[in-house]
2 protein chains.
Amino acid sequence: MDTQQDGAVAVVGTGLIGQGWAIVFARAGLTVRLWDGDAQALSRAVDLIAAQLQALAAHGLVQDVPAIVARLQPCPTLEAALAGVDYVQESLPERVEIKREIHARLDAVAPPAAILASSTSSIPASAFTEDLPGRGRCVIAHPVNPPYLVPVVEICGAPWTEPEVLRRAAALMERVKQAPVIVRRELEGFVLNRLQGALLREAFRLYAQGYVDAEGLDRTIRDGLGLRWSFMGPFETIDLNAPEGLADYCARYGGMYESIAREQADSDPWPPALVARLHAERRAALPAAELAERRIWRDERLMRLAALKQGFAADDGKTS
Amino acid sequence: MDTQQDGAVAVVGTGLIGQGWAIVFARAGLTVRLWDGDAQALSRAVDLIAAQLQALAAHGLVQDVPAIVARLQPCPTLEAALAGVDYVQESLPERVEIKREIHARLDAVAPPAAILASSTSSIPASAFTEDLPGRGRCVIAHPVNPPYLVPVVEICGAPWTEPEVLRRAAALMERVKQAPVIVRRELEGFVLNRLQGALLREAFRLYAQGYVDAEGLDRTIRDGLGLRWSFMGPFETIDLNAPEGLADYCARYGGMYESIAREQADSDPWPPALVARLHAERRAALPAAELAERRIWRDERLMRLAALKQGFAADDGKTS
């Protein structure tokens, strides 16, 4: 594979999120330059990535692990990592002063045409890029962990981000088989965590008011709504759930949802006693000592689901 | 298989929902007595069920279709359908006067120990059972369509429903491989549609405010949150998303969700112009003429997902 033609990207910060990004880019054929301010973290990263790739290979999700690993290039300096790249994905800790400092360095060092993307889930790009000469090329590309199993990436600029940068970032994400979603203006929580927050708030409310226990609440999603939502979104779901489509659905059920919404309007903090009770119910279902093992269980299921969805996508390709 | 030992249930109303219930009960080995006030609907039902069973068999979700079909017994009268059954599942149209009339008949005719369950999604049991001598045995068992692919069943009584009836209904659902959720008090929309409503409301809001288009919104769920939610609920998801579990998650992110919630508090009806715009976007993605075909596509994916989740459940059985 021709590296020049395929381009090179830099992954800055090689913790869990950075490692995930490296897998995403390298499995798609890109050369990945890795850099971390912590030399030990950097030296561990390639081994950790290789171990994850072996697990993916066991599920048929990647083929040639050595070839993918060969595309990873740990770099001793930021300058070496950024030389000649088209795209930089920064995944440092979630503190605004850290983001401000690293983006000033990235903007000073990266090739002029390179996009500077941050993985931040909670800090708007405008909070750390305003004063940069290259602020027009700064954007957020917010992944879900692990990005090589959960493909959505929220692309959100500051007011001064050039539209072309959003477009190019989204095109790169499509190319590496992620699922970009352009968020058109800055917004706390972007789209994903706002949707999660809306659902969690009602979940806490129903639990607090004693309508359902934690296991029953989870079951309602995992054996109910979550099945459809794993391959259709909420709009397509309701579009198929009334004979004439979405408008028909809203005509039939909009009144019920409006009536329900009148009881869903509080925005109080979750009371500590409630959180403690719910936490205790979770710990009875899953002891704290088993949390780490359960996360492996989760990622193994995500891998099998990813393999199933690859089959879905292949079928759609055949019939379209 | 010994029908006496396995018991018999009655399915009253053989439209789409009733047919779905018949599959659930018959594939689990129960004798299913079918009755419908419309003799033509009744006579069509067995053929429609058999066709669905063939599709399930093609996905390895049922084995012996003729044996399952042999457990279906269309009955010419309600009396014949109810003789000797332990459980009645009523799935007539969603009108309170229809529910009131049929439940009066069911209560008069069914064996005294039989549970009378309604599939209604929108009418509380108290609205049509209050005056019945056997009101203590009346309960709602609300399925999702199609119930043989989406296992959740919400079990919700009226204030006078006997606790033992809730318990027995839930036990029957477990036995036929559904996923019962006991909703402890009457509640508009039960749990499932309240969770769906909370998420839809934020989805409509983000769309109305121009943050995201319909496809991007759907993608955020189907390539993001919906993946985890298809095998874990929202509480287990956040429990695994912070090092120390759910309480740790709430300590880290509760403030963000509280801040977001302050912007999620309206309960206005969805404006017709907004619904029309969203509907037009859906119709551009999927012409109205293809809605029916897309529903077949959806059910085919649900079947493959059901097969995958059967594999998950088998693995959990092995390791526990």
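Visitor: In this predicted model, where does Pro146(A) lie?
Guide: Start with the peptide bond. Asn145(A) and Pro146(A) are joined by a cis bond, with omega near -10°. Most peptide bonds are trans. As for its place, Pro146(A) sits in the loop between strand 6 (138-143) and strand 7 (152-157) of chain A.

Visitor: What is omega for the bond that joins Asn145(B) and Pro146(B)?
Guide: Look at the loop between strand 6 and strand 7 of chain B, where Pro146(B) is found. The bond from Asn145(B) to Pro146(B) is cis, and its omega is about -10°.

Visitor: What is the bridge partner of Ile155(A) in strand 8 of chain A?
Guide: Strand 7 and strand 8 of chain A run parallel. They are joined by 5 bridges. In strand 8 of chain A, Ile155(A) has as its partner Ile182(A).

Visitor: In chain B, do strand 6 and strand 7 pair in the parallel or the antiparallel sense?
Guide: Strands of a sheet pair through backbone hydrogen bonds, either parallel or antiparallel. In chain B, the open sheet of 8 strands has mixed pairing. One bridge pair here is Ala141(B) with Ile155(B), the latter in strand 7. Over 5 bridges, strand 6 (residues 138-143) and strand 7 (residues 152-157) of chain B are antiparallel.

Visitor: What angle does the direction of helix 8 of chain B make with that of strand 7 of chain B?
Guide: Helix 8 (residues 163-175) of chain B packs on the sheet. It touches strand 4 (87-90), strand 5 (115-118), strand 6, strand 7 and strand 8 of chain B. With the direction of strand 7 of chain B, the angle is about 170°.

Visitor: How much area do chain B and chain A bury between them?
Guide: The size of an interface is often given as the accessible area lost when the parts come together. The contact takes 111 residues from chain B and 111 residues from chain A. Of the buried area, 63% is on carbon and sulfur atoms. The area is about 10,900 Å².

Visitor: How many salt bridges are found across the interface of chain B and chain A?
Guide: The cut-off is 4 Å from nitrogen to oxygen. Glu202(A) and Arg194(B) meet it, at 2.9 Å. Across the interface of chain B and chain A, the count is 20.

Visitor: Which element of chain B gives the most to the side that touches chain A?
Guide: Several elements give two or more residues to that side, including strand 8 (179-183), helix 9 (192-208) and helix 10 (214-229) of chain B. By class, the side has 58 nonpolar, 22 polar and 31 charged residues. With 16 residues, the element that gives the most is helix 14 of chain B.

Conventions
Residues are numbered from 1 along each chain as its sequence is written. Chains are lettered from A and ligands numbered from 1 in the order in which they are written. This is a predicted model: local features need pLDDT of at least 70, side-chain atom pairs count only at pLDDT 80 or more; totals for chains, interfaces and linings use all residues. Side-chain values use heavy atoms; hydrogens and water are left out. Contact means heavy atoms within 4.5 Å. Buried area is the accessible area (1.4 Å probe) that two parts lose on being put together, summed over both. A salt bridge is a side-chain nitrogen of Lys or Arg within 4 Å of a carboxyl oxygen of Asp or Glu. Helices (H or I, at least four residues) and strands (E, at least two) are DSSP runs, numbered from the N terminus. Ala, Val, Leu, Ile, Met, Phe, Trp, Tyr, Cys and Pro count as nonpolar, Asp, Glu, Lys and Arg as charged, and the others, Gly among them, as polar. Two strands pair if DSSP finds at least two bridges between them. Axes are lines fitted to C-alpha atoms, for helices over the stretch in contact, and angles run from 0 to 180 degrees between N-to-C directions.
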